[in-house]
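Please consult the sequence and the structure below while reading.

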Amino acid sequence: MSTLPVYSWRLAPAGLATRRQLRAAGLRPGGQDVAAQVERPRYRRGPLVAYLYRTELALPVRPMTPARAAALAKANAARRTCPECRRDAGYVIPASLGMCVPCAYPEEQCAA
C-alpha cells in the first residue's frame, strides 16, 4: 500500500483539486483514485483532511435528465410535507420536530 502525498493547507500544487473545487469547475472525479491530501491544522484537535484529485483525469458532470429532475422535485416536496396535517409547509420540516411548526406547537398558534 502506497502512502498519499500530504500537503499543507493552501500549498497543494496546480493540477490537484478537491471534490468541491472540481464541482465548481463543472467536473467530477470520475472514478479515479485519490491523488493526494491536504491537511489544515486545528487547535487541540486533529487536522482537517481533504482529498485531492487530478484535474486532467476529471470528467464533466453528468447533465440533469428530466427523470432525475422529477425525482429531485418529488424528494424535496416530501421533505416539505408535514406527516401530521399532510400540508406543504413551504419549508423543509425540521428533523428535530418531525412535523411542521403549527402542528408541533398548537397552543402558540391559537394565542396569536
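## Surface and overall dimensions

The protein exposes about 8,700 Å², of which carbon and sulfur atoms supply 56%. The model is a predicted one. Buried residues account for 14% of the 112 residues in the protein.

The radius of gyration of the protein is 22 Å, whereas a compact globule of 112 residues would have a value near 13 Å. The C-alpha trace spans about 60 × 45 × 25 Å along its principal axes.

## Secondary structure and contacts

The protein contains four helices and six strands. Read from the N terminus, the order of the elements is β-β-α-β-β-β-β-α-α-α. When contacts between residues at least 6 apart in sequence are considered, 48% join residues at least 24 apart.

## The N-terminal part of the chain

T3 is located in the segment before β1 (6-8). T3 has a relative accessible area of 73% and is therefore classed as exposed.

T18 occupies the loop between β2 (16-17) and α1 (19-24). Is T18 buried or exposed? With a relative accessibility of 18%, T18 counts as buried, because the limit for that class is under 20%. Leaving aside residues up to four places away in sequence, T18 touches A50, Y51 and L52.

## Two arginines with positive phi

Most residues other than glycine have a negative phi. Against that background, R10 has a phi near 70°, a positive value in a residue other than glycine. R10 is placed in the loop between β1 and β2, and its relative accessible area of 75% makes R10 exposed.

R86 likewise has a positive phi, near 60°, and is a residue other than glycine. R86 is found in the loop between α2 (66-80) and α3 (101-104). At 62% relative accessibility, R86 also counts as exposed.

## Aromatic rings and charge

How many aromatic pairs does a search of the whole structure find? The search finds zero aromatic pairs. An arrangement of another kind involves a ring: the charged end of R40 sits over the ring of W9, at 5.2 Å from the centre of that ring.

## Cysteines

A disulfide is a covalent bond between the sulfur atoms of two cysteines. The structure holds zero disulfides. C103 is in no disulfide either: the nearest cysteine sulfur, that of C100, is 3.4 Å away.

C82 is buried, with a relative accessibility of 0%. C103, in turn, is partly exposed, with a relative accessible area of 23%.

How values were computed
Residues are numbered from 1 along each chain as its sequence is written. This is a predicted model: local features need pLDDT of at least 70, side-chain atom pairs count only at pLDDT 80 or more; totals for chains, interfaces and linings use all residues. Side-chain values use heavy atoms; hydrogens and water are left out. Rings of Phe, Tyr and Trp (its six-membered ring) pair if their centres lie within 6.5 Å; planes under 30 degrees apart count as stacked, over 60 as edge-to-face and the rest as tilted. A charge sits over a ring if NZ of Lys or CZ of Arg is within 6 Å of the ring centre and within 35 degrees of the ring normal. A disulfide is a pair of cysteine sulfur atoms within 2.5 Å. Buried means under 20% relative accessible area, exposed over 50%, partly exposed in between (1.4 Å probe, protein chains only). The radius of gyration is taken over C-alpha atoms; the globule rule is 2.2 Å times the number of residues to the power 0.38. Contact means heavy atoms within 4.5 Å. Accessible areas come from the Shrake-Rupley method with a 1.4 Å probe; for residues, only the protein chains shown count as cover.
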